[in-house]
Amino acid sequence: RVMPKYRVESLAGRGRALVAVEDIHRGERVLEEPAVFNASNGKSGGKAQGSANSSEYDMEYLERQVALLCPEDLALFLALHDPQPSGPPALRNQRIYCNNTFHDGLFLAAARMNHSCWPNVLLSSADGLRSEVVALRDIPAGEEITVSYLRTSHLETWEQRRAKLQDLWQFQCCCSLCSMPREEARENYRA
């Protein structure tokens, strides 16, 4: 059995996150995992479509899939971030799913990756049933493993990224790029 290149740690102000346990080299696969379920399966015959953030999935199917999780996976699912923990209990599974999916698939390890506008990994999935996480640059042991929640191909401005992250995930990004002094960031954009 291959030992994971990461562990889940509690990070101040960031919640539970993935942290590299060894040096990871650019281009190296950090993790690969199957989805514990994909709520789009209930409506699209196994082909993921749309975004979990746009309510394009079947709630009854979602609830059935959560009920079928083994006790260990259910505990991991329920420990994922709920953006409104004081919200209606009947909608808890929906909130957790919406906030922690990629391409409609729920990947328990990948869901622990926090956002950065300057990520060190890329998360991909061709079908929402399997994911692969690959290092975009060298990641030293002890560094948090981060992914962009936004499509990096859109090359959005700081203001656009900030608005989208607030709207979809209800947080203000404080990554190294967003925390950079504005003049330094402008120079970085020109480079």
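Two strands count as paired if DSSP finds at least two bridges between them. Helices (H or I, at least four residues) and strands (E, at least two) are DSSP runs, numbered from the N terminus. The model is predicted: local features need pLDDT of at least 70, side-chain atom pairs count only at pLDDT 80 or more, and totals for chains, interfaces and linings use all residues. Residues are numbered from 1 along each chain as its sequence is written, and side-chain values use heavy atoms, with hydrogens and water left out.

**Exercise 1. Describe the open sheet that contains S8.**

Solution. 
Step 1. The sheet has three strands in the order S3-S8-S7, and the pairing is antiparallel.
Step 2. Its edges are S3 (29–34) and S7 (121–124), each of which pairs on one side only.
Step 3. Ignoring direction, neighbouring strands are turned by 10 degrees against each other on average. Axes here are lines fitted to C-alpha atoms, for helices over the stretch in contact, and angles run from 0 to 180 degrees between N-to-C directions.
Step 4. Four bridges link S7 to S8 (residues 130–135) in the antiparallel sense. Ser124 has Glu132 of S8 as its bridge partner.

**Exercise 2. State how S1 and S2 are connected.**

Solution. 
Step 1. S1 (residues 6–11) runs antiparallel to S2, and six bridges join them.
Step 2. Val8 is bridged to Leu18 in S2.
Step 3. The two strands form a hairpin with three residues between them. Gly13, in the turn, has a positive phi of about 75 degrees.

**Exercise 3. Locate the nonpolar cores and the elements that supply the largest one.**

Solution. 
Step 1. A nonpolar core is a set of buried Ala, Val, Leu, Ile, Met, Phe, Trp, Tyr and Cys residues joined through side-chain atoms within 4.5 Å. Buried means under 20% relative accessible area, exposed over 50%, and partly exposed in between (1.4 Å probe, protein chains only).
Step 2. The largest core has 18 residues, and those with the most contacts inside it are Tyr6, Ile24, Val30, Met113, Val121, Val133 and Ile145.
Step 3. Two or more residues come from each of S2 (15–20), S3, S7 and S8.
Step 4. Not counting residues up to four places away in sequence, Val30 touches Lys5, Tyr6, Ile24, Val121, Val133, Val134, Ala135 and Ile145; contact means heavy atoms within 4.5 Å.
Step 5. A second, separate core of 15 residues includes Phe37, Ala39, Leu69 and Ile96.

**Exercise 4. Characterise the packing of H2 with H4, then the surroundings of H4.**

Solution. 
Step 1. Two packed helices are described by the angle between their axes and the distance between the axes.
Step 2. For H2 (residues 59–68) and H4 (residues 92–100) the angle is about 90 degrees and the axes are 10 Å apart. H2 is therefore roughly perpendicular to H4. The classes are roughly parallel for angles under 35 degrees, roughly antiparallel over 145, roughly perpendicular from 65 to 115, and oblique for the rest.
Step 3. H2 contributes Met59, Leu62, Glu63 and Val66 to the contact, and H4 contributes Asn93, Gln94 and Tyr97.
Step 4. By class, this contact has four nonpolar, two polar and one charged residues. Ala, Val, Leu, Ile, Met, Phe, Trp, Tyr, Cys and Pro count as nonpolar, Asp, Glu, Lys and Arg as charged, and the others, Gly among them, as polar.
Step 5. H4 is mostly covered, with seven of its nine residues buried: Asn93, Arg95, Ile96, Tyr97, Cys98, Asn99 and Asn100.
Step 6. The cover of these buried residues includes S4 (37–38), H2, H3 (71–78), S5 (105–106) and H5 (158–169).

**Exercise 5. Is Thr146 buried or exposed, and what does Thr146 touch?**

Solution. 
Step 1. Thr146 lies in S9 (residues 146–147).
Step 2. Thr146 counts as buried because its relative accessibility is 7%.
Step 3. Beyond its neighbours within four places in sequence, Thr146 is in contact with Arg14, Asn114, His115, Ser116, Trp118, Pro119, Asn120 and Val121.
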